[in-house]
Amino acid sequence: MAQQAYMTETDGGGSGSGRPGSRLRHLLNRFLSGWRGDPRIWRRGVLLAVVAVALALVMLLHSHIPNRIGNLGSLTETFLPWLGLLIPLLLVGALVRRSATALIAVVLPAIAWLNLFGGLLTDKTAGGGDLTVATHNVNADNPDPTGTAREVAAAGADVLALEELKASAVPVYESALAPTYKYHSVQGTVGLWSKYPIADVRSVDIRLGWTRAMRATVSTPEGPVAVYVAHMPSVRVKMNAGFTAAQRDQSADALGEAIAAERQPRVILLGDLNGTMNDRSLNAVTSQMRSTQGAVGSGFGFSWPASFPMARIDQIMVKGVEPVSSWTLPRTGSDHLPVAARVNMGTTS
């Protein structure tokens with residue numbers, strides 16, 4: 001009896017059907033058995049295939065989506081990376097429908113998305129660099145400006161730009177940042193703080209009627225650099241008007257003209273541009289400068305909204321200097337995340 005029981009247990013334990021690998025193969029065979037010999041796998045899921053192809057075309061041809069109606073092109077480009085979330089949904093739909101046609105079609109948007117954003121999935125940051133810069137839209141309604149100032153100062157930036165400075169809060173920021181930054185200037189609602197001397201400070205007209213952009217020369221140990229700080233007008237998504245960004249677009253054109261006319265060969269732009277690098281309406285700026293996040297960042301670097309970042313509208317861009325690394329900083333009392341970058345002043349891009 002004992003011997004029989006022992007042999008029974010051994011036989012049961014040695015059976016391949018109880019092993020995880022065998023169970024997985026069994027489930028896979030059952031799944032594939034529903035596809036083999038079924039001529040309808042090519043006829044089912046046509047609608048899913050059409051959606052997949054349309055999604056691929058939107059991603060590949062986004063620059064051709066017209067802006068004439070509600071700035072639809074710019075709106076699409078602002079949230080373009082998020083279209084990738086539709087790909088796994090289409091894949092699941094193709095598997096559930098057992099559609100070979102849909103499965104093949106889903107490959108197209110997957111390739112398109114990887115072509116556009118695959119490079120952002122890798123960490124391109126490197127060591128070195130001789131100047132650290134940071135920018136932060138502090139939010140005019142920030143409940144803790146002192147804490148926000150201390151948090152961004154603790155990041156160790158040599159040059160710090162702040163946007164959306166409320167007049168009543170400027171003395172608070174000046175006091176909190178004074179121990180770290182010897183030099184600073186505030187122009188309208190934007191400000192620049194620096195560990196190195198600044199000169200040639202002036203406001204930049206971005207066609208708003210009040211000051212939301214400035215320019216200064218920062219004398220770093222590696223030489224002078226022109227630093228621009230800008231806060232583009234806000235954009236809105238309205239049911240009756242679409243993506244309202246006309247004022248932002250005009251200001252971007254004006255900022256682009258100012259940077260193009262800059263005589264200093266090394267230029268750094270810090271600010272909240274209320275738009276992403278994909279948005280064609282910022283071409284006046286983005287066409288002549290490099291995004292530090294795109295060049296040497298890790299991930300997408302989304303900065304807004306701080307509670308659940310969905311887009312990088314806070315930008316650091318350079319011309320005439322080489323970006324080394326770029327990253328987002330921890331959340332403060334603002335609705336934006338601060339962003340920072342390290343650049344090499346001695347090497348031109």
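This is a predicted model: local features need pLDDT of at least 70, side-chain atom pairs count only at pLDDT 80 or more; totals for chains, interfaces and linings use all residues.
Residues are numbered from 1 along each chain as its sequence is written, and side-chain values rest on heavy atoms, with hydrogens and water left out.

Side chains of opposite charge can pair when their charged atoms come close. Six salt bridges are present in the structure, a salt bridge being a side-chain nitrogen of Lys or Arg within 4 Å of a carboxyl oxygen of Asp or Glu. One of them joins Arg248 to Asp249, with the closest N and O atoms 2.7 Å apart, and another joins Arg248 to Asp279 at 3.0 Å, N to O. Arg248 is placed in helix H9 and Asp279 in the loop between S10 and helix H10 (283-286), so this pair ties together parts that are 31 residues apart in sequence; helices (H or I, at least four residues) and strands (E, at least two) are DSSP runs, numbered from the N terminus. Through salt bridges that share partners, Arg248, Asp249 and Asp279 are joined into one network. Arg248 has a relative accessible area of 0% and is buried, the term buried standing for under 20% relative accessible area, exposed for over 50%, and partly exposed for values in between (1.4 Å probe, protein chains only). Asp249, at 15% relative accessibility, also counts as buried, and Asp279 is buried as well.

A further salt bridge is formed by Glu262 and Arg215, whose closest N and O atoms are 2.9 Å apart. This pair links distant parts of the chain, 47 residues apart, with Glu262 in the loop between helix H9 (246-260) and strand S10 (267-272) and Arg215 in strand S6 (residues 213-220). Glu262 is buried at 13% relative accessibility, and Arg215 is buried at 6%.

On the surface, a nonpolar patch is formed by Val53, Leu57, Leu60, Leu61 and Leu108, which together have about 420 Å² of accessible area. Patches are made of residues with over 30% relative accessible area and no salt bridge, like charges being joined within 9 Å and nonpolar side chains (Val, Leu, Ile, Met, Phe, Trp, Tyr) within 5 Å; accessible areas come from the Shrake-Rupley method with a 1.4 Å probe, and for residues only the protein chains shown count as cover. Helix H3 (residues 46-60) supplies the largest share of the patch, three residues. Val53 is located in helix H3 and is partly exposed, with a relative accessible area of 33%.

The axes of helix H7 (residues 145-153) and helix H8 (residues 170-177) come within 9 Å and cross at roughly 40°. Axes are lines fitted to C-alpha atoms, for helices over the stretch in contact, and angles run from 0 to 180 degrees between N-to-C directions.
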